[in-house]
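Hi,

Here is the structure I promised to pass on.

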Amino acid sequence: MGSAFILQARGISKSFPGVKALANVDFGLRRGEIHALMGENGAGKSTLIKALTGVHKKDSGTVLLNGREIDPKSPQDAQRLGISTVYQEVNLCANLTVAENIYIGRYPRKRGVIDWEAVNRGSEELLGRLDIHIDVKLPLSYYSVAVQQMVAIARAVDISSGILILDEPTSSLDNNEVKQLFSVMRKLKSEGMGIVFVTHFLDQVYEVTDRITVLRNGALIGEFPTAELPRTSLVSHMIGREWRPEEEQGSRQKEISANEAFLTARGLGRKGSVNPIDLEIRKGEVVGLAGLLGSGRTEVAKLLFGIDKSDEGHLVIDSETFSDMYPQKAVQKGIGFTPEDRKVAGIVGELSIRENIVLALQARRGMFSFIPVRKQKEIAQKYIDLLRIKTPGTEQRIDNLSGGNQQKVILARWLSTEPRLLILDEPTRGIDVGSKQEIRKLILDLAASGISILFISAELEEMVACCDRIVVLRDRVHIGEVEGADKKENRIMQMIAEGVDVYGKPDGVGA
Amino acid sequence: MKISQNNIIILATVLLLLLLYGTGAYLYNGFFSLQVFLNLFIDNAYLIIVATGMAFVIISGGIDLSVASVVALISMVSAVMFQHGANAYAVMAASIALGVAFGFCQGYLIQRFQLHPWIVTLSGMFLARGISYLISTESIVISDDTYTAISQYKIRIGGDGFISISVVIALLVVVLAIGVARYTSFGRSVYALGGSEKSSLLMGLPVARTTVLVYTVSGLFSALGGIVFTFYMLSGYSLHLMGMEMDAIASCVIGGILLTGGFGYLIGPTLGVLATGIIQTIIMFQGTLSSWWTKIVIGFLLFLFMAFQRMIVMRKEKTAAAPANIQRKIAKKVVNL
Amino acid sequence: MGSLTASARKLARHKIVWPVVALLALMLLNLIVMPEFFSVEVRDGRLYGNLIDILKNATPLTIIAIGMTLVIAVEGIDISVGSVLAISGAMALFMLKDYPLWIVLLAALGTGLLCGLWNGMLVSVIGIQPMVATLILLTVGRGIAQLITNGQVLNTSDKAYSFIGKGQFLGLPFQIFIAAAVFLLVWLLKSKTAFGLFLEAAGGNKTASAYAGVRPRFILMTAYTITGVCAAIAGIVYSSNYASADANNAGLWLELDAILAVVIGGTSMRGGRFYLGGTVVGALFIQSLTTTIYAMGIAPESILLVKAIVVILVCLIQSDIFRGMLLPQRRKTVNP
Amino acid sequence: GKSESKSEPASASPSASASTANSGSGNKKLVIGFAQIGAESGWRDAETKSIKDTFGNDPAFELKFSDAQQKQENQIKAIRSFITQKVDAIGLAPVVETGWESVLKEAKDAGIPVFLLDRGISKGNEDLYVSFIGSDFIKEGQNAAQWMIDNLGDAPTNIVQLEGTVGASAANDRKKGFEDAIKDKANFKIVYSQTGDFTRAKGKEVMEAYLKKDKNIQVVYAHNDDMAMGAIQAIEEAGLKPGTDIKIISIDGIKDAFQAIKDGKSNVTVECNPLLGPQLKQAILDYKAGKTLDKWIKSNEDVFFGQKAIDALPNRSY
Ligand SMILES: Nc1ncnc2c1ncn2[C@@H]1O[C@H](COP(=O)(O)OP(=O)(O)OP(=O)(O)O)[C@@H](O)[C@H]1O
Ligand SMILES: Nc1ncnc2c1ncn2[C@@H]1O[C@H](COP(=O)(O)OP(=O)(O)OP(=O)(O)O)[C@@H](O)[C@H]1O
Ligand SMILES: [Mg+2]
Ligand SMILES: [Mg+2]
């Protein structure tokens with residue numbers, strides 16, 4: 001222990017065209033501590049990390065490692081110096097196997113050549129430590145974002161010697177994975193490692209970190225010992241105004257079971273992916289899909305939206321029956337879908353914010369009823385303001401936005417289509433506390449105005465708060481539903497654990 | 001049963017190869033003979049080598065259009081060196097040096113200035129041909145004893161079949177390439193680079209070095225291909241192998257390598273070369289097609305091959321179930337929630 | 001001063017600037033070496049000179065490159081354009097003997113349409129990789145063209161048909177107007193319909209655009225079809241200009257020039273954003289280079305060498321990194 | 001697809017029986033393998049047609065024809081395939097002079113006679129083939145020059161030379177023959193020389209550029225008729241009269257060139273005869289009969305201009 005700095009940054013500044021991402025920021029990481037880096041979306045957390053590890057060339061400032069000045073020119077340099085980083089978006093090669101992703105660049109060798117045995121065995125062990133048991137010989141692309149995130153963490157943990165930087169590693173993990181991660185982090189800490197941890201989950205910050213550095217608008221607000229900083233003041237520092245905990249939204253109580261169904265799935269299934277499922281979403285209803293990592297929530301959503309073709313059952317939307325759904329038709333029928341993997345399935349990186357926002361709206365209207373650019377800008381600006389997307393303008397490339405802001409743009413894309421059913425797969429992933437609440441509020445407002453919502457989130461708490469009814473999945477099977485008084489976190493967990501509907505079948509659910 | 005996408009393509013390709021070969025053997029007498037089969041290798045040894053080099057580039061997400069011209073240039077330079085009385089081994093060394101230098105320069109331009117490989121190697125293609133023209137527009141005979149001896153040496157195989165030394169070189173090169181791709185850091189970095197350049201960079205892989213090296217390797221393989229081709233032709237000519245780069249690319253693709261990078265096995269190009277070779281042999285045995293029908297039939301067979309390959313792959317993709325084991329394990333975890 | 005450099009920098013960020021700079025540089029070279037290059041006179045009531053020739057001879061390349069831009073924007077490539085050009089030219093001249101002009105033109109365009117649909121189908125429905133999918137038509141196409149012409153060079157003396165390639169309109173070669181019309185149509189498609197947006201979205205990220213309700217397959221199909229039709233138009237212009245259809249040589253290697261034009265014009269081979277104007281400038285640049293090479297009397301053996309060096313130089317100029325290396329002191333003044 | 005594959009075995013079976021039992025017996029069909037360069041020009045297609053007609057219409061022969069798509073490697077592959085199919089004779093139109101030693105030696109070892117058509121192979125390999133049937137490109141260049149010397153006399157003459165594809169032997173030799181022939185004539189001057197790739201399009205484009213640059217051109221010498229046709233168009237579009245203001249000399253003797261001479265737009269075409277089928281057949285028969293053959297069997301060729309060309313036009317078949 002001790003207060004010796006292992007990594008110290010002084011006066012770091014970084015500008016991008018039109019944006020001052022970091023202004024004269026100081027940051028110090030001590031030996032054997034877990035240090036949270038906090039701030040709103042676009043505050044500059046990722047940029048600071050990238051400037052420290054040589055991804056971005058900083059405009060000014062110095063970095064000291066164990067008192068000696070360093071200037072890594074690339075992540076490779078940084079790694080060599082003992083700084084190992086998990087960047088915000090999963091940055092692995094989806095075409096390689098899980099094991100390779102963990103060992104690439106530092107293979108164990110036998111007689112001068114790569115020892116694949118050792119690679120596979122080693123990665124199984126490493127992942128095992130995080131309680132992930134998967135076939136490491138399959139390509140990474142086979143696995144969900146959550147698994148990919150765990151793989152990236154496993155890799156970084158194994159590489160690290162001295163410093164580990166984790167930029168929002170927990171954004172799509174569920175409690176169980178987070179728990180495993182934290183135990184690993186604590187172990188590393190006890191070995192004297194310094195860990196930088198970025199997250200938007202306050203609980204996690206208070207659970208595991210020793211110190212908090214807060215950034216706002218690219219400027220350093222301050223560094224605080226976690227124990228001495230109450231939540232309210234942390235959030236206030238982050239958002240730059242007084243924060244009252246009572247802003248936490250109240251949960252939904254409204255009775256909507258009288259409403260007619262907007263979408264009904266009957267025996268909808270797909271071989272090898274989802275077992276036939278019955279699902280009903282009423283107008284103005286918020287339905288949650290709960291389940292563990294890999295329980296098939298995303299796959300159900302994809303079936304409903306027609307990304308994956310179902311091979312049995314059918315959908316009824318507004319008393320119209322469909323047996324083959326595809327996205328374009330879904331969009332025309334008024335369904336919107338924010339995918340969980342925004343990098344792969346959400347943003348079109350090269351295009352501007354405006355184009356990304358109007359894309360779905362335009363697809364819905366068809367090729368020839370073109371929205372004039374001026375109108376497009378208006379629409380984009382409207383949602384930039386509404387969702388408080390932090391950007392210099394509508395024409396900015398979307399991949400220059402911070403992760404959370406990209407997520408907001410995808411949300412804006414669907415809001416602009418004025419959908420009748422919005423499928424939200426982890427919509428609050430990577431979104432800061434303030435905005436998260438706004439989005440929850442937005443969801444409730446939307447529902448109040450008669451829009452149906454299918455909500456998937458890794459945070460049960462959030463689901464319980466927002467949803468009228470929660471459908472529980474386990475091993476790709478619909479095992480039950482909870483609503484009203486049953487709608488409690490621990491009951492859902494129990495259902496998942498026991499694998500049966502312990503509270504009897506609520507109405508409308510077939511076997 | 002797990003079959004990754006790569007495996008399916010290779011399996012499909014081998015299956016179709018057998019089918020194609022069987023069709024040829026069924027239709028034409030004399031097609032099913034050892035020598036006809038061995039000729040596939042003798043006649044395509046250089047192409048196998050060049051395509052294998054190209055495979056590295058393609059897997060890394062790039063492309064090298066200069067290979068054919070580099071081979072022609074090497075044949076030309078060799079011929080001129082022999083005219084000036086150079087020693088055969090000096091010529092080989094010079095060829096390799098030339099190919100490596102050429103590839104390195106292309107790689108450097110692509111990497112250092114972030115130019116698109118299409119353009120750089122297209123210029124490289126013009127450049128290599130242009131230099132060949134400047135050396136001479138006439139074809140030049142090579143009558144060096146060593147080259148002639150190597151060129152005419154026959155390695156007997158199974159009775160009256162034979163292969164040339166070039167075939168042995170080609171096969172060695174393929175084996176080496178497979179080894180490099182599978183068992184060296186460089187090989188794996190190539191795959192990573194093809195998967196995602198940005199991720200590779202963030203994972204701390206030597207992206208710049210790998211990029212340059214990939215084109216250097218392609219240059220090296222072109223040089224080897226050039227030497228083998230020079231054995232085959234015993235002449236230098238600036239118009240040799242016009243458009244061969246397309247054959248090399250097509251062989252890679254037929255062999256299951258994705259042009260977008262990141263996927264494919266190094267045995268693929270050889271299978272691809274064999275596929276096109278068999279198609280050509282069938283056409284030769286057919287022997288009555290007019291020029292234009294030759295083109296149409298070649299294209300049609302190529303189409304059938306690719307279409308069937310895709311069909312097999314798509315079927316497999318559909319039936320390939322999600323990994324089942326993950327769910328079991330997860331069920332256990334719930335207990336400690 | 002500050003605002004001047006600022007606006008200069010803003011300008012430099014536009015993709016079209018560098019191809020234009022390259023074209024101007026080439027013209028400047030011509031002006032210095034052979035001032036007569038620019039002389040334009042009026043002969044028989046029409047303009048006559050190298051510049052007019054460049055515009056005229058660049059027509060087929062420009063039209064094809066415009067199509068190619070769309071295909072490249074969706075991360076594809078079409079190397080069969082030369083063959084399609086040959087087929088449509090052959091088709092037109094073959095039918096010209098027996099059919100009225102409008103049927104001939106329709107047939108030629110229809111051929112291109114079919115070729116484009118075929119390519120589009122291979123790429124988007126069957127899922128064969130673009131380069132090899134179009135390689136099939138590259139091979140087969142020549143064969144079909146030769147089949148139509150029976151291996152001979154077909155000639156025509158049809159006045160109406162010849163007008164397309166040789167006629168004059170407002171003192172300028174008529175083909176220039178065809179190229180302009182094609183450009184205008186595609187430009188309208190890009191900027192007055194959502195086609196451009198869908199194309200760029202599908203080219204930038206197929207999965208994401210599919211999730212947003214765009215149908216990437218349909219977009220791909222359309223892009224290849226338009227390219228096929230463009231190649232057919234080029235085939236008509238080409239065969240009419242030379243009053244002959246040469247199944248063997250018409251449009252040979254044209255695909256490389258077309259791709260070059262697209263890239264010089266600033267469109268990335270990695271798909272996504274595309275620049276039609278840049279493509280036109282790129283095509284003009286390539287044709288100017290060819291004409292310059294002829295006019296300067298560069299030896300035939302050296303042409304490829306010259307072309308290689310020029311192309312590399314042009315691409316280097318377009319590279320920010322290279323310019324940064326040339327002007328290191330400028331960087332420092334930009335940043336603070 | 002189906003009907004095609006059905007018909008193939010039928011057509012293949014006689015060939016199979018022929019190739020298995022071909023050796024010597026006079027009653028069997030003679031199987032000829034012909035390795036053609038490709039179909040890069042109308043001239044080449046005329047040659048192909050001549051060969052196919054000659055052997056195809058003769059029941060005593062069976063032709064195995066292979067098109068190499070302009071690639072030497074493919075020609076070599078074809079010859080190898082002919083050897084394994086044990087044909088009785090091989091005809092080869094070599095795409096380039098060099099690089100034939102190995103494969104022709106294999107043919108020789110297998111006892112198969114090789115006949116070269118329209119282009120030779122490099123010196124020192126005379127023992128690898130029986131005869132070369134074809135014309136002399138150098139001579140064609142000389143003939144072209146000779147017509148010019150005969151008809152234009154001592155007037156100062158500026159010449160534009162449209163060369164064939166860079167590196168092609170026809171281009172090299174036609175250039176050499178022509179340039180050598182006017183070397184000591186001071187009044188003939190080649191002012192521009194550029195490749196037109198043997199195509200009309202390039203011929204026209206190149207000529208356009210020269211016409212803009214220089215008004216003082218008297219003669220266009222094109223390495224093939226197609227480029228001359230292109231040049232004629234360029235000259236016409238420049239408002240000049242081809243054949244009068246600028247004389248047109250070209251090689252090959254395709255129909256269009258004769259038509260152009262008739263129309264007064266061209267002046268002379270030096271024939272390069274592609275109809276070599278009958279001569280090849282005769283040579284093979286002679287060889288089988290045990291006769292000794294000339295190493296170089298010259299093709300029947302001529303120089304056509306003026307009335308002679310006009311008279312010959314109706315009989316031109318290609
Ligand atoms: N490459 C870039 N080009 C231009 N602007 C950029 C670039 N990268 C980041 N920015 C801008 O810098 C600012 C800081 O972004 P950064 O990614 O550091 O935010 P963050 O704090 O990590 O946010 P989040 O919580 O959403 O991940 C943002 O306004 C973003 O738009
Ligand atoms: N193409 C695929 N092939 C094989 N397995 C896949 C494929 N796609 C997804 N999977 C796996 O199937 C399981 C179900 O995925 P899905 O994304 O539906 O789960 P989920 O319930 O949404 O969980 P989460 O999103 O939290 O990971 C995951 O474990 C994933 O790794
Ligand atoms: Mg971030
Ligand atoms: Mg999910």
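**The second largest pocket**

Three helices each supply at least two residues to the lining of the second largest pocket: H8 (159–166) of chain C, plus H8 (225–237) and H9 (255–262) of chain D. Keep in mind that this is a predicted model.

H8(D) gives the most to this lining, with five residues. The pocket has a volume of about 760 Å³. In total, 25 residues line the second largest pocket. Those that lie nearest its centre are C:Thr156, C:Lys166, C:Ala243, D:Glu236 and D:Lys265. By class, the lining has 10 charged, eight polar and seven nonpolar residues.

**The sheet in chain D**

Chain D also holds an open sheet of six strands. The order is S2-S1-S3-S4-S5-S11, and the pairing is parallel. Strands S2 (61–67) and S11 (296–298) of chain D stand at the edges. Each has a single partner strand, so one side of each is left without a neighbour in the sheet. On average, neighbouring strands of this sheet are turned by 20° against each other, direction ignored.

Within the sheet, look at S3 (residues 89–92) and S4 (residues 114–117) of chain D. They pair in the parallel sense over three bridges. Here D:Ile90 of the pair stands opposite D:Val114 in S4(D).

Helix H2 (residues 42–56) of chain D packs on the sheet. This helix touches strands S1 (30–36), S2 and S4 of chain D. The direction of H2 makes about 155° with that of S2(D).

Best wishes

Technical notes. Residues numbered from 1 in each chain as written. Chains lettered and ligands numbered in written order. Predicted model: local features only at pLDDT ≥ 70, side-chain atom pairs only at ≥ 80, totals over all residues. Heavy atoms only, no water. Pairing = 2+ DSSP bridges. Helix = DSSP H or I, 4+ residues; strand = E, 2+ residues; numbered from the N terminus. Axes fitted to C-alpha atoms, helices over the stretch in contact; angles between N-to-C directions. Contact = heavy atoms within 4.5 Å. 1 Å grid on protein atoms, 1.4 Å probe; cavity = no way out; pocket = protein on both sides within 12 Å on 5 of 7 lines; lining within 4 Å. Points joined across faces, edges and corners; volume = space filled by probe spheres on them. Nonpolar A, V, L, I, M, F, W, Y, C, P; charged D, E, K, R; others polar.
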